[in-house]
Amino acid sequence: MLAEQVPSGEVTLLGHIDPDADALGTALALGHALHDAGVSVRVSFAEPDDVPETLRGLDVAGLLVRPDDLPPTDRVLVAVDTPSIARLGWLGARVERTASSGGAVVVIDHHASNMFYGTHNVVDPGAEASAVVALRVLDAMNLPLTEPVARGLYAGLLTDTSSFRRATPQTHRIAARLVAAGADPDEQGRVLLDDRPFAWLPMLSRVLAGARLEAAAARGLGVVHAVVDLDVARDVRVEEVESVIDVLRSTSEAEVAFVLKERRPHAGVRQWSVSLRAKRAVNVAAVARTLGGGGHHLAAGCRLEGEPEQCIETLLAALSDAPLLESR
């Protein structure tokens, strides 16, 4: 597996497009551990152009590089928290190029929708975060759990468990290991989840003013949705836009929440990134897959294009036939 390939001396780690804390934090944690072991490491992602501000502090060794600065080929390519090649964006072409040239493609992930596209796949759909899977890899390689490594893994664990609301006893034991190794729960919780610029408040006010509740949608379980267009989001970071779904999902009358987040238009057509969340009953990952996306049972996403009302209708239609989870 990864340990067998490290003697090549170079590793490229990729997170998915629009990287979250589990994708980028985990990739950086692996990168720091390998860097300390003497491996030449690069960490990158296809888009957007900038690293989310809340995650920049995780890169203490300067491992992040722009995708245009990556070498033409990889001896070892590691895709982190990325269930399909498509989720790597235009960097997905590196997967086939690496494999066809005799290199190793290692997939480290926890999505049930993973396509097992690597030459080596370390995938556990039962893990709460890719950070959990990555920690097992590091343990298997006997690499030390240093403070930068622990901090990156803790970022993924904290966010993908919704601040440990979806955590098992084992998750808490892992968190204890990471804290003992130097992760600071107070600081990371504040930076990743709590601190917002003042501009977030008027943005949120405008978005929530246009939120709508569809009580009969999703088999009568209720759907709440909102739109964040480019004009509304112009004065805030991507982190503030991503936080809208967490506010919306608190609506007690709705099992499902979704947010349309506008991207730069392409060929004059409006583009949207969609966040989908469910509380306990609806498999939103299945809904996202029908629309070209994917994710977890209760947290998923996809991309759509067109006018917002058209996209909303598409999502509501897909949710009308959404499969229900047996555990509900």
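Predicted model: local features only at pLDDT ≥ 70, side-chain atom pairs only at ≥ 80, totals over all residues.
Residues are numbered from 1 along each chain as its sequence is written, and side-chain values use heavy atoms, with hydrogens and water left out.

Q: How many helices and strands does the secondary structure of the protein come to?
A: Helices (H or I, at least four residues) and strands (E, at least two) are DSSP runs, numbered from the N terminus. On that basis the protein has 12 helices and 11 strands.

Q: What radius of gyration does the protein have?
A: The radius is taken over C-alpha atoms, and the globule rule is 2.2 Å times the number of residues to the power 0.38. The C-alpha atoms fill a box of roughly 55 × 45 × 40 Å along the principal axes. For 328 residues a compact globule would come near 20 Å, and the protein agrees with this at 19 Å.

Q: What percentage of the contacts with a separation of 6 or more is between residues 24 or more positions apart?
A: A contact means heavy atoms within 4.5 Å. Among contacts with a separation of 6 or more, the share from residues 24 or more positions apart is 67%.

Q: What percentage of the 328 residues is buried?
A: Buried means under 20% relative accessible area, exposed over 50%, and partly exposed in between (1.4 Å probe, protein chains only). Under these cut-offs, the buried share of the 328 residues is 52%.

Q: What percentage of the accessible surface belongs to carbon and sulfur atoms?
A: Areas come from the Shrake-Rupley method with a 1.4 Å probe; for residues, only the protein chains shown count as cover. The accessible surface totals about 14,300 Å², and the part belonging to carbon and sulfur atoms is 51%.

Q: How many salt bridges does a search of the whole structure find?
A: A salt bridge is a side-chain nitrogen of Lys or Arg within 4 Å of a carboxyl oxygen of Asp or Glu. Asp18, Glu47, Arg263 and Arg303 are linked in a network of such bridges. Over the whole structure, the search finds 22.

Q: Which residue forms a salt bridge with Arg94?
A: The closest N and O atoms of the pair are 2.9 Å apart. Arg94 lies in helix H3 (residues 93–100) and its partner in the loop between strand E2 (40–44) and strand E3 (76–80), so the pair ties together parts that are 20 residues apart in sequence. Both residues are buried. The partner of Arg94 is Asp74.

Q: Where in the chain is Arg270, which forms a salt bridge with Glu307?
A: The closest N and O atoms of Glu307 and Arg270 are 3.1 Å apart. The pair links distant parts of the chain, 37 residues apart, with Glu307 in the loop between strand E11 (299–305) and helix H12 (308–320). Glu307 is partly exposed at 44% relative accessibility, and Arg270 is partly exposed at 24%. Arg270 is in strand E9 (residues 269–278).

Q: Is Arg234 buried or exposed?
A: The side chains of Arg234 and Asp231 meet in a salt bridge, with an N to O distance of 2.7 Å. Asp231 has 41% relative accessibility and counts as partly exposed. Arg234 has 52%, so Arg234 counts as exposed.

Q: Which elements do the buried residues of H10 pack against?
A: Helix H10 covers residues 238–248, and its buried residues include Val241, Val244, Ile245 and Leu248. These buried residues of H10 pack against helix H8 (200–209), strand E7 (223–228), strand E8 (256–266) and E9.

Q: Which peptide bond is cis, with omega near 5 degrees?
A: Pro48 is found in the loop between E2 and E3. The cis bond runs from Glu47 to Pro48.

Q: What is phi of Ala267 near?
A: Asp81, in the loop between E3 and H3, has a positive phi of about 60 degrees although it is not a glycine. Asp81 is buried, with a relative accessible area of 1%. Ala267 is in the loop between E8 and E9 and counts as exposed at 73% relative accessibility. Phi of Ala267, also a residue other than glycine, is positive and near 55 degrees.
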